[in-house]
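Work through the exercises below with the sequence and the coordinates at hand, and try each task before reading its solution.

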Amino acid sequence: MVSAYAELEGLMRGRLGGRECLYVPSCRFGLYLALRHWCRPGGRVLMSPVNDDVILFVVLAAGLRPVQAPLDPRDGSVDAAAVPDSVWSGLSAVLTTNLYGNPDPAPELRERCDRLGVPLIEDAAHAIGSTVGGRPVGTYGEASVFSLSKHVHAKTGGFLTLADPALRDELAAARDALLHPTRATAELAHLARPYAEAAVRGLRLTGAARAALRTLRLEEREEIRMPLRPGALERALPAAPALDPFHSWIRVDMHDYRLRPGAARLRRTGRRLSRLDTVLDAHRTGTARLLASEYGSAGREPQPLFRVPLLVEDRDAAVAALARRRITTGYLYDPPLDAYAGERFTDPSPAPERAAWFARHALPVDPRRADDALAALRTAGLRPAHPSAALGGAR
């Protein structure tokens, strides 16, 4: 098992200029390890309000208080300059999101964290091929986490990467202590799932398949956000830091998030990771086309984004227009986390209107479907949204 991990870690280490990499079964699990190592319980963590709700629950499970940051409404990145000094002074860590692969301002955040003496932790789940300041996203923080479920399409696995290689053994031991043992049924289901999904797409049974996945609890969201269940969450908080009391939230859409992988799963992941450059080239090409459209942010560097957040006036109508061409829209994060969770569970952003506007108008599009998506939007007569006008000329 160690040798199998080593092969995957070596592939990722080469992408990050030799940075130490530790395989983990999921990005969310790696993030929990990082937060537990670098942050004392009760600390406050600056994060993006436009993010997967699972990440909010990971922060809470680590015994920490989420603090929502103001965003740049053009792409959903953290606007570090708009964070008040009073917020900076009370932080224990900064957690980036790099939403859809758009880099957060890591050099500026690194400098801020150094001045404050707090760790920078990079969530690079969407940004395995993105760069900022001439360096790969994920090479600025004390720790960073990557997902192999996004660009790599392994539907499992990730990495916790470390600026200090001397911490590897300690964090590997913490990982192993929290992992659940391999289950043969889970391994078989993982290996069979790509073939089943391909058959479903070929038979155009996508709607029926999603209903079946929900029945099997492999897809658990009826709405964009999972049910908060505030009463149950309130009862879980005193047990933090711990994963088990928050398991019903953290496992959503990925029940294997802390499962020790089997050899076959690792071999398949390695094959997919070795082909990543071809995937990134396709994402970069499609990203450039989408950003150059009337719905994109012209002038932005064409990163190999996981999804490109086009800005449309009527997001729901746009989702329907794409669906008519069999383009599924996922990775929507609306409403923002402060509106979703409320002040009992998070500190609200000092500029909530920016995140609310972006969450309402952002249409995440797979860049590999760029031409089809643009044709669908234009045929439907959908108009682009403009953040400067929506925010009273603030941008």
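The model is predicted, so local features need pLDDT of at least 70, side-chain atom pairs count only at pLDDT 80 or more, and totals for chains, interfaces and linings use all residues. Residues are numbered from 1 along each chain as its sequence is written, and side-chain values use heavy atoms, with hydrogens and water left out.

**Exercise 1.** Find the mean pLDDT of the protein chain, and examine residues 195–201.

Solution. The mean pLDDT (the predictor's confidence in each residue, from 0 to 100) is 91, and 87% of the residues reach 70 or more. Over residues 195–201 it stays under 50, and the model gives this stretch 6 contacts (heavy atoms within 4.5 Å) beyond four places in sequence. Residues 213–217 are also below 50, with 8 contacts beyond near neighbours in sequence.

**Exercise 2.** Determine which residues of helix H16 are buried, and what covers them.

Solution. Seen down the helix axis, they fall within an arc of 160 degrees (taken from the directions from the axis to the C-beta atoms), so they line one face of H16. Their cover includes helices H12 (276–291) and H13 (315–323), together with strands S10 (308–311) and S11 (362–365). Just after H16, Gly-381 has a positive phi of about 70 degrees.

**Exercise 3.** Classify the lining of the second largest pocket.

Solution. The lining has 6 nonpolar (Ala, Val, Leu, Ile, Met, Phe, Trp, Tyr, Cys and Pro), 7 charged (Asp, Glu, Lys and Arg) and 3 polar residues (the others, Gly among them).

How values were computed:
Buried means under 20% relative accessible area, exposed over 50%, partly exposed in between (1.4 Å probe, protein chains only). Helices (H or I, at least four residues) and strands (E, at least two) are DSSP runs, numbered from the N terminus.
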